[in-house]
Amino acid sequence: AASGQEEFLTPAKTRAEAAVDASDSRSGAVCMLCERQPSCYTCPRCNLQYCGLSCYQSPRHSVCSEEFYKESVLQELKDMGKTESEGRLKMQEILVGLRQKAETAAGGMEGLDIDKLSEEELWEVLNSKEKEAFMGLMKGGALGGLIPLWKPWWEEHEDGGRALVEVLEEEVSRRAGENSTTMAEQDNEVKTSQEVVLNQRKSATKLRKIKRGNKLETGDEKGSSAVTAVPQISAKIPKLTSLCANSSPLVCYGLVNALFGYTFTLCLYNNDTDSLIIEFCDMILALSEALSSSRVFNSVQEALDCGETLISGGGYLDKEDLLAPSRALEAVAHIATGRDREDPAGYCLAALSQLRSVLSQARKALSKEGEEGAKRQKYFLASKKCEFFQAWVLDNEPRIRGLAIEMWNEHSKRESARSSMERDRAVVEESLKKGKRPGEGVPLASGIIKRVV
């Protein structure tokens, strides 16, 4: 009898083993919406198990998903701006703009005092079709298109950018005199550089097309925002000799890396450094090892490649805006060029001053304890590096002019390479449309075909 009882006695399972069993049972469940794919997620509202985003947004689950999106929109709009009044104003502008587009000739919002309405009340003012249109804009990512696009201050140069043209022409002449290339190669190089010069301002406008379909946003268009004023330069910048007895000649490349992270982040945040100041600073430090570590760069190309690698690896690159790193490179070149030939270091000092100021403000918003205390220390060290770069720029103004030339040459090379890749891609796609294999009758290297296909 004793032996029979032992057969029914089994050891109790630990919590870890019970959790594994529960996980296994869930992994075998089928999506309750499409009833085909295995379920991977559970709705926190109705506990319904589903396989992915398409099922979550399906009509069968619209009661939960639509309510979730509505609450998310309201919460996001409440948090916009430094204060609740600014958040309310931004929401009013978006909702009223949407309403005005859908208004009939009679006009339903005429005489309504929207300043006294809350976000919830403004939402209730919209009819069902307008709410649906608003939700569609949010889901499709088009909501950002209603916000005016910021035009960077560093793109303003004397005589409509003539200083920029002169810098590039001087560099083309210098390289033509130093290099022992053939005459044909020289002509091709000069022609390519001149094309880049003539198209700099055009590309600056074209590359600003972000998630706006075929609409181009320019400084001359009606309703576009004016150029932001150049940031005020820090009042106290120490002398370089008080910080470093003998600075390295490689400091300039660290400056390039820091400005690359700064311009990319500032453009991504549309110059809004106040609403998400902590996230803004965290992103800059994540993209610039010159500010977040003691890394030393040996060339302009290495400093830029490091920033681009961190952008791609960190998930900061929008698949719908793959030219953002190229615009950041161009922005650094603009900053190094300066407003005019008499003040080549002014834009560098202004950019570093803004970055230094934002880091200081973010540091004041954090406590001195725990994780925030550690983050405060990172911001402090990055701010001190900005101060060092400012001191170096003041002491090396002639080097800034040479750095600008290097930056524009690097930009020209990368733009030429990108244009070549686009042409090769077009050739391959055309061949595929005609039923040919890539490379069949087309003099392309196999490496290029692999990259573009």
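Ring pairs link Trp150, Trp153, Trp154, Tyr262 and Tyr347 into a cluster. This is a predicted model, in which local features need pLDDT of at least 70, side-chain atom pairs count only at pLDDT 80 or more, and totals for chains, interfaces and linings use all residues. Residues are numbered from 1 along each chain as its sequence is written, and side-chain values use heavy atoms, with hydrogens and water left out.

Me: How many aromatic pairs does a search of the whole structure find?
Reply: The search finds eight aromatic pairs.

Me: Why is the pair of tryptophan 153 and tryptophan 154 called edge-to-face?
Reply: Rings of Phe, Tyr and Trp (its six-membered ring) pair if their centres lie within 6.5 Å; planes under 30 degrees apart count as stacked, over 60 as edge-to-face and the rest as tilted. Here the centres are 5.3 Å apart and the planes stand at 70°, so the pair is edge-to-face.

Me: What makes tryptophan 153 and tryptophan 154 count as buried?
Reply: Buried means under 20% relative accessible area, exposed over 50%, and partly exposed in between (1.4 Å probe, protein chains only). Tryptophan 153 has 2% and tryptophan 154 has 1%, so both count as buried.

Me: Is leucine 33 buried or exposed?
Reply: Leucine 33 is buried, because its relative accessible area is 8%.

Me: Which residues does leucine 33 touch, not counting those up to four places away in sequence?
Reply: Leucine 33 touches Leu48, Gln49, Tyr50, Cys55, Tyr56, Ser58, Arg60 and His61; contact means heavy atoms within 4.5 Å.
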